[in-house]
Amino acid sequence: MSGSPRRLASALPWAVFTACVAAALYALRAAPAPYLLDSTELVATTMALAVSHPPGHPAYHLSHGWVLDVPFGTIALRLHLLSTLATALIAGLVPLAAAQLGWTRTAGARALAALVGVSLAFTNA
């Protein structure tokens, strides 16, 4: 195992920063209502706790089903904000994974790992 506890601890601030920036960027882009393509289908199938078209997204529907009961905004906005949280958590793991692999020995490498994590906020996931 190439990642030491000290190396992981030094990457933790970068991971938190990356997660916060990715969450802010993704939340600014969150649609308040269903939009074209799969968004409408995912909202409808989550409301019905069904599976969308093949291959389906059962983990998405089951993990997001509880959001239907939260009294805030539209159902689509709630689903998009929960997807924002999931994306931010994954983005924050990128600097930690890079540290675990030993790729963050310099400040520039840590910044690059954070930039790669933040880039996940620009995906349509």
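Student: How much accessible surface does the protein have, and what share of it belongs to carbon and sulfur atoms?
Tutor: Happy to start there, keeping in mind that this is a predicted model. The accessible surface comes to about 7,400 Å². The share that belongs to carbon and sulfur atoms is 76%.

Student: Which pattern does the protein follow along the sequence?
Tutor: The protein has five helices and zero strands. Its C-alpha trace spans about 45 × 30 × 25 Å along the principal axes. Read along the sequence, the pattern is α-α-α-α-α.

Student: Are α4 and α5 roughly parallel or roughly antiparallel to each other?
Tutor: Let's take the geometry step by step. Helix α4 covers residues 75-100 and helix α5 covers residues 107-119, and their axes lie 7 Å apart at an angle of about 150°. Angles over 145 degrees count as roughly antiparallel. Therefore α4 and α5 are roughly antiparallel.

Student: What classes of residue make up the contact of α4 with α5?
Tutor: The crossing of these two helices is right-handed. On the α4 side the contact is made by Ala91, Val94, Pro95 and Ala98, and on the α5 side by Ala113, Ala114, Val116 and Gly117. By class, that gives seven nonpolar, one polar and no charged.

Student: How is α1 oriented relative to α5, roughly parallel or roughly antiparallel?
Tutor: Helix α1, residues 5-28, has an axis that comes within 9 Å of the α5 axis, and the two cross at roughly 30°. Angles under 35 degrees count as roughly parallel. So α1 is, relative to α5, roughly parallel.

Student: How many charged residues does the contact of α1 with α5 have?
Tutor: α1 passes α5 in a right-handed crossing. From α1 come Ser10, Trp14, Thr18, Val21, Ala22 and Leu25, while α5 supplies Ala107, Arg110, Ala111, Ala114, Gly117 and Val118. Eight of the contact residues are nonpolar and three are polar, and the number of charged residues is one.

Student: Is Thr84 buried or exposed?
Tutor: Thr84 lies in helix α4. Leaving out residues up to four places away in sequence, Thr84 touches Ala23, Tyr26 and Ala27. The cut-off for burial is under 20% relative accessible area. Because the relative accessibility of Thr84 is 4%, Thr84 counts as buried.

Conventions: Residues numbered from 1 in each chain as written. Predicted model: local features only at pLDDT ≥ 70, side-chain atom pairs only at ≥ 80, totals over all residues. Heavy atoms only, no water. Axes fitted to C-alpha atoms, helices over the stretch in contact; angles between N-to-C directions. Helix = DSSP H or I, 4+ residues; strand = E, 2+ residues; numbered from the N terminus. Parallel < 35°, antiparallel > 145°, perpendicular 65-115°, else oblique. Left-handed = near helix turned anticlockwise from the far one by under 90°. Contact = heavy atoms within 4.5 Å. Nonpolar A, V, L, I, M, F, W, Y, C, P; charged D, E, K, R; others polar. Buried < 20%, exposed > 50% of the residue type's maximum accessible area, 1.4 Å probe, protein only. Areas by Shrake-Rupley, 256 points an atom, 1.4 Å probe, with all protein chains shown as cover.
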